[in-house]
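Student: I have a model open and want to learn how to read its features. Can you take me through some?

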Amino acid sequence: MSKLFGFSGTDDFCPRGSIYPNPKDSSLFLTPDNYVDLYFPPPKRSRISAPIVISRERSEQEQASIEILPDECLFEIFRRLPGGEERSACACVSKRWLFLLSNIRRDEISNCKTTQENKGVDQDIEGDGCLSRSLEGKKATDIRLAAVAVGTASRGGLGKLSIRGSQRVTNQGLKVISRGCPSLKVLSLWNLPSIGDEGLSEIASGCHQLEKLDLCHCPTITDKSLLAIAKSCPHLTDLTIESCSNIENEGLQAVARRCPNLKSVSIKDCPRIGDQGIAGLMSSSTYSLAKVKLQSLNISDVSLAVIGCYGKSVTDLSITSLPNVSERGFWVMGNGHGLQKLKSLTVVSCRGVTDLSLEAVGKGCPNLKQFCLKRCPFLSDNGLVSFAKAAGSLESMQLEECRRITQFGFFGSLLSCGTKLKALSLVNCLGVRDQSFGLPSASPCESLRSLSIRNCPGFGDVSLAVLGKLCPRLQHLDLSGLHGITDAGFLPLLENCKAGLVKVNLSGCVNLSDKVVSSMVDLHGWTLEVLNLDGCGRITDASLVAVAENCMLLSDLDVSKCAITDSGIASLAHGNQFNLQILSMSGCSMISDKSRPSLGKLGQSLLGLNLHHCKGISSSAVDMLVEQLWGCDILF
C-alpha cells in the first residue's frame with residue numbers, strides 16, 4: 001500500500017511528486033460501511049464547459065435587466081445623464097425610453113458641477129431656438145414629435161415647428177414638445193383633428209417664448225386654448241385662426257388683453273367670432289396691432305366702425321367676403337379718422353363698397369399707398385375717380401373683376417392719382433371697351449413705372465394709344481390676353497416710352513407681329529431683361545434675329561407657341577446673349593434635332609430650358625442635352 005502512495009518514475013501521474021503532503025492521512029479514505037470496500041483520494045473539481053457558463057450569465061442578465069426598473073427610476077437616471085448626446089443615444093433604444101426622455105423638462109435635468117464643466121458648450125447652445133422642423137401627413141406622429149423634442153434640445157433648440165395634415169398627432173405629441181422645447185417661438189398646426197385644448201394648453205405652459213401661432217382646421221380647439229396662450233405667452237405677436245369652428249369671442253378678447261405685443265391678427269371662416277370679438281380685439285390692441293385680416297366672418301357694420309375708430313396703429317388691412325357689411329360700415333370706417341397710419345388696403349367680394357363709401361375711405365386714409373379692389377360689383381367710374389382724388393399718397397392700385405368700371409373710370413383715376421402713382425393694374429374688367437374720346441388737358445403721369453392690363457377683351461388700339469401719351473416713363477408692361485391690340489396701337493406706345501422698358505409681357509396678344517418686336521428691341525434693347533411672347537403666333541425667326549442683335553441684358557425669353565424654326569434658334573445662339581438664363585420654347589412644333597448644337601451653345605449660361613410639347617425634338621437629342629447641360633433644368 002505504501003508503494004502505491006509513493007509511486008514515482010517516468011510514468012508518474014504527477015511528475016513533480018505527490019500532490020498530497022501526507023498520502024497516508026486517514027481523511028483521504030472513505031468511511032467503511034457494508035457497501036463500500038474501496039478508498040481513493042478525492043478527484044479534482046471538474047471544469048465547467050464555456051456554453052454552460054454563458055447560459056448562466058445570460059440568465060442572470062435577463063433577471064437583472066434595466067427594463068424591469070419602473071419609469072420613475074429610469075426617469076431619475078435619464079435626467080442625470082451628462083449631456084444631450086447621451087440623452088439622444090438613449091432615446092434610440094426603445095419607444096419607452098424615447099417617451100421618458102421627451103417628458104423631461106429642461107429645469108428637471110440635473111445640473112451638477114461635472115455637467116457644467118464638461119458640457120458647458122452644450123448648455124450654451126441650448127435655448128437659442130435656431131432649428132426648425134416641418135412634419136406633414138404620415139410623417140407627423142407623436143413618436144416623431146418625441147424624437148424632435150429630444151434631438152433638437154442639444155443642437156440649438158427648436159424654434160419653429162409646423163405640423164400639417166395628420167390624424168396621428170394627439171395631445172401627447174404636443175405635450176412632449178412643450179416639455180422638451182421651451183425655446184419654441186413659431187407653431188403652425190394645420191388640419192389636425194386629434195388635438196384639442198389639452199395639447200395646446202401644454203404648449204402654453206411650457207413654451208413661454210411663443211411669438212407666432214397659426215391654427216387652421218383644428219375643430220376641437222376652443223377658447224380654453226386661447227385663454228391658456230393669453231395667460232402664459234405674453235410675447236405673442238402673430239395670431240392666425242382659420243376654420244376653427246369652436247373658437248369664440250372670449251378667446252380672441254383674452255389674447256388682445258393679455259398680449260401687449262400683438263401686431264398681426266388673421267381670422268378666416270370662424271362662424272362663432274362676431275362683432276364682440278373684433279371690437280374687443282381692436283379696442284385692447286389700439287397701439288400695437290399693425291396688421292388685420294378678416295375673411296368670411298359673421299360680422300356687421302359695427303366691426304368696421306370699431307376698426308375705423310380704434311385702428312390707430314393699423315398699417316395693413318384686408319377685408320374679404322363679409323356679406324353682412326353694408327355701405328354704411330365702410331362709410332363709418334372711413335369717417336372714423338382712426339386709420340391715419342393705414343398704408344395697404346385690400347377689399348375683396350364686399351357688396352358694401354359703393355361710390356359713396358369708397359370716397360369716404362379715401363378721405364379717411366391720407367397715407368394709403370397700396371389699394372387692391374376685387375369683385376366689388378357696385379363700384380362705378382365716379383366712385384373710383386373720387387377715391388383716386390382723395391387718396392393723394394397712393395402708389396399702387398389694382399382693380400380686378402370690377403364690371404362697372406369703364407374706359408372713363410380707368411383713365412380718370414389715372415389722371416387723378418397725383419404724382420406718386422407707380423403701379424396700376426387692371427384685370428378681368430369687362431366694362432372697359434375702346435371708345436373714341438377727347439383726352440382732357442392734363443400733365444402726363446410721369447411717376448407711373450408699372451402698367452398691367454390683363455384679360456380685358458375690350459381694351460384695344462385706341463386705349464393703348466392714349467396710354468402711350470399718358471405714361472412716358474413705363475419700365476414694366478404687361479398686356480397679356482389682349483386680343484384686340486395690333487401693331488398700329490402698340491407702336492405709338494413704344495415710341496412714347498422714354499425711360500426704357502425692362503420687363504414686357506405680351507403673352508396671348510395674337511395680333512402682334514415681328515414688326516412690334518423689331519421696333520421694341522431697337523428702341524429698348526439696351527434695357528430689356530424679360531420678354532414674354534407666349535402664344536403670339538405671328539412671331540417668326542425675324543424676331544429672334546432682332547433680339548440676338550440688340551438685347552445684351554436679356555435674361556428671360558419666352559417664345560412658346562410661336563412660329564419659330566431651327567434657323568431662329570441658330571441666330572439666337574450666334575448673337576450676344578451672354579446673360580440669357582431662361583429660354584422657353586414650349587409648343588414650337590417646327591423646332592427639330594438640328595437645334596441641338598445651338599441649344600448646347602446657349603446652354604453655357606442657361607439655367608432653365610423648356611422644350612415641352614416640342615414634337616420635332618427626339619428624346620435621344622434631349623438626353624444628349626441633359627448630359628451636356630448638366631447645370632440647366634430641362635423640361636421636356
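Student: Which residues form one aromatic cluster?

Tutor: This is a predicted model. In it, Phe410, Phe411 and Phe459 make up one aromatic cluster.

Student: How is a pair of aromatic rings described?

Tutor: By the distance of the centres and the angle of the planes. The count here comes to 3 aromatic pairs. Take Phe371 and Phe387. Their ring centres are 4.3 Å apart and their planes stand at 40°, so this pair is tilted.

Student: Which parts does that pair tie together?

Tutor: Phe371 is in strand S10 (residues 370–374), and Phe387 is in helix H17 (residues 381–390). The pair therefore links parts that are 16 residues apart in sequence.

Student: Is Phe371 buried or exposed? And Phe387, buried or exposed?

Tutor: Phe371 has 2% relative accessibility, so it counts as buried. Phe387 is at 0% and counts as buried.

Student: What about the rings of Phe410 and Phe459?

Tutor: Their centres are 6.3 Å apart and their planes are at 85°. Planes over 60 degrees apart count as edge-to-face, so that is the label for this pair. Phe410 sits in helix H18 (residues 407–416). Phe459 sits in the loop between strand S13 (450–454) and helix H19 (461–470). The pair thus ties together parts 49 residues apart in sequence. Phe410 is buried, with a relative accessible area of 1%. Phe459 is buried at 0%.

Student: How many residues of H18 are buried?

Tutor: 8 of its 10 residues, so H18 is largely enclosed by the rest of the structure. The buried residues are Gln407, Gly409, Phe410, Phe411, Gly412, Ser413, Leu414 and Ser416.

Student: What covers the buried residues of H18?

Tutor: The cover includes H17, S11, S12, S13 and H19. Just after H18, Gly418 takes a positive phi of about 90°.

Student: Next, helix packing. At what angle do H21 and H22 pack?

Tutor: Helix H21 (residues 514–524) and helix H22 (residues 541–550) pack at about 5°, with their axes 9 Å apart. Angles under 35 degrees count as roughly parallel. H21 and H22 are therefore roughly parallel to each other.

Student: Which residues in H21 meet which in H22?

Tutor: From H21 come Asp514, Val517, Ser518 and Val521. They meet Ala542, Ser543, Ala546, Val547 and Asn550 in H22. By class, this contact has 5 nonpolar, 3 polar and 1 charged residues.

Student: Why do residues three or four places apart in an α-helix point the same way?

Tutor: Because an α-helix has 3.6 residues a turn.

Student: Which residues of H22 are buried?

Tutor: Asp541, Ser543, Leu544, Ala546, Val547 and Ala548. Their cover includes H21, strand S16 (530–532), strand S17 (556–558) and helix H23 (566–573).

Student: Which residues of helix H14 are buried?

Tutor: In H14 (residues 301–310) they are Asp301, Ser303, Leu304, Val306, Ile307 and Gly308. What covers them includes helix H13 (275–284), strand S7 (291–295), strand S8 (316–320) and helix H15 (327–335).

Student: Last one. Which residue lies over the face of Trp190?

Tutor: Arg164, at 3.8 Å from the ring centre.

How values were computed. Residues are numbered from 1 along each chain as its sequence is written. This is a predicted model: local features need pLDDT of at least 70, side-chain atom pairs count only at pLDDT 80 or more; totals for chains, interfaces and linings use all residues. Side-chain values use heavy atoms; hydrogens and water are left out. Axes are lines fitted to C-alpha atoms, for helices over the stretch in contact, and angles run from 0 to 180 degrees between N-to-C directions. Helices (H or I, at least four residues) and strands (E, at least two) are DSSP runs, numbered from the N terminus. Angles under 35 degrees count as roughly parallel, over 145 as roughly antiparallel, 65 to 115 as roughly perpendicular and the rest as oblique. Contact means heavy atoms within 4.5 Å. Ala, Val, Leu, Ile, Met, Phe, Trp, Tyr, Cys and Pro count as nonpolar, Asp, Glu, Lys and Arg as charged, and the others, Gly among them, as polar. Rings of Phe, Tyr and Trp (its six-membered ring) pair if their centres lie within 6.5 Å; planes under 30 degrees apart count as stacked, over 60 as edge-to-face and the rest as tilted. Buried means under 20% relative accessible area, exposed over 50%, partly exposed in between (1.4 Å probe, protein chains only). A charge sits over a ring if NZ of Lys or CZ of Arg is within 6 Å of the ring centre and within 35 degrees of the ring normal.
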